[in-house]
Amino acid sequence: MYTEAELAETIAALQDPNPSERAAMLKALWVWPSQDERLLPYVEALLSDTGPCVFGSPMRFGEIRWLAAQVIFAEFKAWKCKESVRLEKVVAPVKSEELMKLAKRFGLDCDASLAALMTTFTELQRLGQLPTTPLELWL
């Protein structure tokens, strides 16, 4: 259980206007589930957040809501709760090489820099040119 200060700090990060800040907190919660039910509504609110984020190794680009689903599922596992998480038409995480190929196919300039890749992801997402998939996580 988080202290009031930890809870407030975590909620602030989850509500930060910068998607990178939201993603950083979600990545931490994915690895180290809070097991604090008070956070669940704030993470659930991000299930509709299509903001761009970077995660994984090798680096992949995706949507905040994909990370939020992973966090909720990690919490369910930590609670030994047999719940599932499902999202429809979430952008499938894309490796940088794939993103650069998609950019070329659609006539977008993209180098291998993080800033260019994030801009390209956002533009391809806006154009509806990123692969989507249902995401279902269950125990």
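**Close-up 1. Salt bridge between Arg22 and Asp49.** In this predicted model, Arg22 forms a salt bridge with Asp49, with 2.8 Å between the closest N and O atoms. A salt bridge here is a side-chain nitrogen of Lys or Arg within 4 Å of a carboxyl oxygen of Asp or Glu. Arg22 is in helix 2 and Asp49 in the loop between helix 3 (40-44) and strand 1 (52-55), so the pair ties together parts 27 residues apart in sequence. Arg22 and Asp49 are both buried (buried means under 20% relative accessible area, exposed over 50%, partly exposed in between; 1.4 Å probe, protein chains only). The structure holds seven salt bridges. Residues are numbered from 1 along each chain as its sequence is written. Local features need pLDDT of at least 70 and side-chain atom pairs count only at pLDDT 80 or more, while totals for chains, interfaces and linings use all residues; side-chain values use heavy atoms, with hydrogens and water left out.

**Close-up 2. Packing of helix 2 on helix 4.** Helix 2 (residues 19-31) packs against helix 4 (residues 64-78) at an angle of about 25°, with the axes 9 Å apart. Helix 2 is therefore roughly parallel to helix 4 (the term covers angles under 35 degrees; 65 to 115 is roughly perpendicular, over 145 roughly antiparallel, and the rest oblique). Contact residues (heavy atoms within 4.5 Å) include Arg22, Leu26 and Trp30 of helix 2 and Trp66, Leu67 and Val71 of helix 4. By class, the contact has 11 nonpolar, one polar and two charged residues.

Close-up 3. The contact is made by Ser96, Leu99, Met100, Leu102 and Ala103 of helix 5 and Leu117, Thr120, Phe121 and Leu124 of helix 6. Thr120 is buried, at 3% relative accessible area. Beyond its neighbours within four places in sequence, Thr120 contacts Leu99, Ala103, Leu108, Asp109 and Cys110.

**Close-up 4. Salt bridge between Arg86 and Glu136.** The side chains of Arg86 and Glu136 meet at 2.9 Å, N to O. Arg86 belongs to strand 3 (residues 85-91) and Glu136 to strand 5 (residues 132-137), 50 residues apart. Arg86 is partly exposed, at 44% relative accessible area, and Glu136 is partly exposed at 36%.

Terms used. Axes fitted to C-alpha atoms, helices over the stretch in contact; angles between N-to-C directions. Helix = DSSP H or I, 4+ residues; strand = E, 2+ residues; numbered from the N terminus. Nonpolar A, V, L, I, M, F, W, Y, C, P; charged D, E, K, R; others polar.
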